[in-house]
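This briefing covers one protein structure, shown below.

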Amino acid sequence: MYTLYYIQEACSLAVNTVLRELEQDVTLIRADTHSDFSTVNPAQQVPVLIDGDEKLVEGAAIMLHLTSKHPSHLFPTEPGPVRRRAIEQLLFANATMHPAYSRLFFIARVMQHGTVRQQLFEAAAKGINQLWQQVESQLQSQPFLGGQHASVADILLAVYSRWGAAFEVDIVIPPRTTQMIEAVKHMPGFVAALQAEQAQGA
Ligand SMILES: N[C@@H](CCC(=O)N[C@@H](CS)C(=O)NCC(=O)O)C(=O)O
């Protein structure tokens with residue numbers, strides 16, 4: 001049994017999805033209504049995973065931990081080029097695409113409405129669109145970054161793709177990437193994770 005600290009529809013939704021795809025029981029705890037979440041994670045960020053006596057932070061580290069412990073099609077466990085590529089894709093999602101989207105939230109938080117704010121939003125969106133083109137180029141001969149099955153990187157990207165709608169920017173997700181995202185959104189683990197988060201309220 002795992003415990004996951006989450007914020008609804010945040011990047012923790014990807015860990016929530018992976019846990020359910022791996023058929024693991026999970027207790028969800030909302031981080032945004034916690035009386036002092038800094039005692040759980042001084043960085044005050046989700047996801048935080050409790051596994052027995054161990055507390056894990058950083059989404060990519062959590063993904064690697066879970067997929068090593070519970071082998072599945074979500075991530076190759078055998079050392080070699082296929083796993084190295086999967087690690088690269090996981091970090092592309094977590095350390096490149098996620099921060100690109102985080103810029104939108106940062107601009108919204110610190111900038112007053114006006115021309116400069118809109119210019120910054122558009123610059124951030126341009127960067128995001130370039131990254132989606134990179135994803136698209138990898139999906140020309142396979143439905144998922146993980147090949148024939150969704151990988152943790154596909155799941156992370158599908159979660160981030162939902163964030164753009166909150167901003168007045170044109171985020172263009174190309175067709176094969178859109179298909180990948182739609183397929184992830186129909187995975188039983190994704191549907192169950194989203195429902196569980198919604199059931200606990202925002
Ligand atoms: N590098 C961290 C980044 C995590 C992160 O940015 N989490 C966001 C949600 S997606 C967060 O907790 N933000 C705090 C907040 O929204 O109050 C990771 O990958 O786990």
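In this predicted model, the side chains of Arg162 and Glu9 meet in a salt bridge (2.8 Å, N to O); the term stands for a side-chain nitrogen of Lys or Arg within 4 Å of a carboxyl oxygen of Asp or Glu. Across the interface of domain 1 and domain 2 the rule finds one salt bridge.

**Domains and their contact**
- Domain 1 covers 2-74 + 188-199 and domain 2 covers 81-185, with bounds from an automatic or database domain assignment.
- Their C-alpha centres are 20 Å apart.
- Domain 1 brings 17 residues to the contact and domain 2 brings 18 residues, where contact means heavy atoms within 4.5 Å.
- About 1,500 Å² is buried between domain 1 and domain 2, and carbon and sulfur atoms give 70% of this area; buried area is the accessible area (1.4 Å probe) lost by two parts on being put together, summed over both.

**Sheet**
- Four strands form an open, mixed sheet in the order β2-β1-β3-β4; strands (E, at least two residues) are DSSP runs numbered from the N terminus, and two of them pair if DSSP finds at least two bridges between them.
- β2 (26-30) and β4 (54-57) are at the edges with a single partner strand each, so one side of each has no neighbour in the sheet.
- Strand β3 (residues 48-51) runs antiparallel to β4, joined by four bridges.
- Val48 has Val57 in β4 as its bridge partner.

**Basis**
- Residues are numbered from 1 along each chain as its sequence is written, and side-chain values use heavy atoms, without hydrogens and water.
- Local features need pLDDT of at least 70 and side-chain atom pairs count only at pLDDT 80 or more, while totals for chains, interfaces and linings use all residues.
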